[in-house]
Amino acid sequence: MTKGESKWGVLMATMIPEEVIDQVRSGVNIADVIGQYVQLKKSGKNLFGLCPFHEEKTGSFSVNEGKQIFHCFSCGRGGNVFKFLMEIENISFPQAVIKVAEDAGITLPTEYQEVQATGTQNSTTQTLIDLHEQAAKLYHHILVNTQAGKQALNYLQKRGLSADIIDQFNIGFAPAQRLLSPFF
């Protein structure tokens, strides 16, 4: 493998030093970032809005600009600007640092940039998600299209599950024999 190449064949970012992370964090106002996702209103020294992580009618989501943190008093989620982006965008910590830096106009050295072919997920996570989805498709195929899945399919139909529901939720059947290793 070449420098920076993972076993999955995708280049990964070099670990971002703490001083660069601090520079990015201090170069942005957390309310500006969160305000792109949540309508915030001033109440006392904090800003409040509806939490983007769960359904609610009364705003329990608080942003403290002085401390540069957020906290939801209902669901308990909280943290700094990077934690917010990681949760709302489903991205890795380095990706959150890079996104905040880009949005704030802070130029990061190129060795801290991440080169990815997978979009918003880091390559290991995305690879695992892809493998899981392929396994789910295999087991769904076994359930609805093979003799091995016929008994399980009959059971589901007797329990009132329609073919549409089985397809919609990608319900599958995993037989006793080991299939995933040869499949992958």
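Select Cys51 to begin: at 6% relative accessibility it counts as buried, where buried means under 20% relative accessible area, exposed over 50% and partly exposed in between (1.4 Å probe, protein chains only). With 35% relative accessibility, Cys75 counts as partly exposed. The structure holds zero disulfides, a disulfide being a pair of cysteine sulfur atoms within 2.5 Å.

A word on what you are viewing: this is a predicted model, in which local features need pLDDT of at least 70 and side-chain atom pairs count only at pLDDT 80 or more, while totals for chains, interfaces and linings use all residues. Residues are numbered from 1 along each chain as its sequence is written, and side-chain values use heavy atoms, with hydrogens and water left out.

Next, show helix 1 (18-26). Helices (H or I, at least four residues) and strands (E, at least two) are DSSP runs, numbered from the N terminus. Which residues of helix 1 are buried? They are Val20, Ile21 and Val24. Look down the axis of helix 1: these buried residues fall within an arc of 100°, so they line one face of the helix; the arc is that of the directions from the helix axis to the C-beta atoms. They pack against helix 3 and helix 4. Turn to the other side of helix 1 to find Glu19 and Ser26, both exposed.

Now colour the largest nonpolar core, which has 29 residues. Such a core is a set of buried Ala, Val, Leu, Ile, Met, Phe, Trp, Tyr and Cys residues joined through side-chain atoms within 4.5 Å. Among the residues with the most contacts inside this core are Val24, Phe61 and Phe82. Elements that each supply at least two of its residues include strand 3 (61-64), strand 4 (69-72) and helix 3 (81-89). Helix 4 gives the most, with five residues.

Centre on Phe82: leaving aside neighbours within four places in sequence, Phe82 is in contact (heavy atoms within 4.5 Å) with Ile21, Val24, Arg25, Phe93, Ala96, Val97 and Val100. Apart from this core lies another, of five residues, among them Leu143 and Leu156.

Finish at Glu102 in helix 4, which counts as exposed at 53% relative accessibility. Draw a C-alpha to C-alpha line from Glu102 to Val24: they are 78 residues apart in sequence and 9.4 Å apart in space.
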